[in-house]
Amino acid sequence: MRLCTIDCGLLIQTADLLFFIFIRLKSVDFTINLLKCVTPNSVVRLTFAVNILSRQNIEIMKPHIGLSEKDLLGITKLLSVVLADSVTLYTKTRKFHWNVSGESFMELHKLFEHQYKKLEEAIDEVAERINKLGNDTIGTMREFSDLSTIKEHPGQYPSSKEMIHELLADHESVIVSLRKFVDDCTDHYKDAGTADFLTGLMQSHETIAWTLRRYLK
Ligand SMILES: [Fe+2]
């Protein structure tokens, strides 16, 4: 029984070795002929076939859009920061929507609602862009909190004017980050698609910042 287990292990190693040769030479015909010469064993052939199929599956799942895997990962890291900032800013705007009070209560309550809905749309678009680039999207509060550059203030309930000041500062900080990321995507990664996407996002933050600024006049 033990001998049989060892034999199977060796056969699978043989299949893996042949698969390695196939990957290096990128020739199916050559590798199949080698396979026939080396062994007629079905375990080897089956393991080799499984390797080929799973490799092909991985290749199909990868986006072939003229960007290297390394660059796609770099762009994903940058988009993950944008995502984390958007989630934090969304949460803060929602907190202010719930807690705003004073003479302009209804006005600001509605304004903040409109703004967190815009941020919610942006969150989804950023997350899906990461997927479009072939990578998994972060999605836990801990990951968002670790990556976000937006500061939170638990237990604090600022006045309505302070809320506007704080949100304005946060949106302006996001705009500064986005401007840098647009340059990174254009100059370093040569990814016009993400640069364009982030430019649109930056304009949306500029509109929100402009609206908030008007309340401070
Ligand atoms: Fe509400």
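With 13 C-beta neighbours inside 10 Å, E121 counts as partly exposed. The cut-offs are 20 or more other C-beta atoms within 10 Å of a residue's own for buried, 12 or fewer for exposed, and partly exposed in between, with C-beta atoms placed from the backbone. E121 lies in helix α5. Its C-alpha atom is separated by 9.9 Å from that of S86, 35 residues apart along the chain.

This is a predicted model: local features need pLDDT of at least 70, side-chain atom pairs count only at pLDDT 80 or more, and totals for chains, interfaces and linings use all residues. Residues are numbered from 1 along each chain as its sequence is written.

**Overall make-up**

- The protein chain has eight helices and zero strands. Both are DSSP runs numbered from the N terminus: helices are H or I with at least four residues, strands are E with at least two.
- Buried residues account for 27% of the 217 residues in the protein chain.
- Take the contacts in the protein chain between residues at least 6 apart in sequence: 74% of them join residues at least 24 apart. Two residues are in contact if their C-beta atoms, placed from the backbone, lie within 7 Å.

- α7 has 29 residues. It reaches 41 Å from its first C-alpha to its last, close to the 42 Å expected at 1.5 Å a residue. The expected span is 1.5 Å times one less than the number of residues.
- Buried residues of α7 include M163, L167, D170, H171 and F181.
- The cover over the buried residues of α7 includes α4, α5 and α8.
- K190 follows α7 and has a positive phi, near 55 degrees. K190 lies in the loop between α7 and α8.
- K190 is exposed, with 11 other C-beta atoms within 10 Å.
- K190 and D71 are 119 residues apart in sequence, yet 9.1 Å apart in space, C-alpha to C-alpha.

**Helix α8**

- α8 spans residues 192-215, 24 residues in total. From first C-alpha to last it reaches 35 Å, close to the expected 34 Å.
- T194, L198, L201, H205, I208 and L212 are buried in α8.
- These buried residues pack against α4 (69-99), α5 (105-132) and α7 (160-188).

**How α5 meets α8**

- The axes of α5 and α8 come within 11 Å and cross at roughly 170 degrees. Axes are lines fitted to C-alpha atoms, for helices over the stretch in contact, and angles run from 0 to 180 degrees between N-to-C directions.
- α5 and α8 are therefore roughly antiparallel to each other. Angles over 145 degrees count as roughly antiparallel, under 35 as roughly parallel, 65 to 115 as roughly perpendicular and the rest as oblique.
- On the α5 side, Q115, K118, A122 and R129 make the contact; on the α8 side, T194, F197, L201, S204 and I208 do.
- The contact residues divide into four nonpolar, three polar and two charged. Ala, Val, Leu, Ile, Met, Phe, Trp, Tyr, Cys and Pro count as nonpolar, Asp, Glu, Lys and Arg as charged, and the others, Gly among them, as polar.

**The largest nonpolar core**

- The largest nonpolar core has 35 residues, of which L79, V82, L83, I123 and V126 touch the most other members. Such a core is a set of buried Ala, Val, Leu, Ile, Met, Phe, Trp, Tyr and Cys residues joined through C-beta atoms within 7 Å.
- α4, α5, α7 and α8 are the elements that give two or more residues to this core.
- α4 gives the most, with eleven residues.
- L83 touches I123, V126, A127 and I138, not counting residues up to four places away in sequence.
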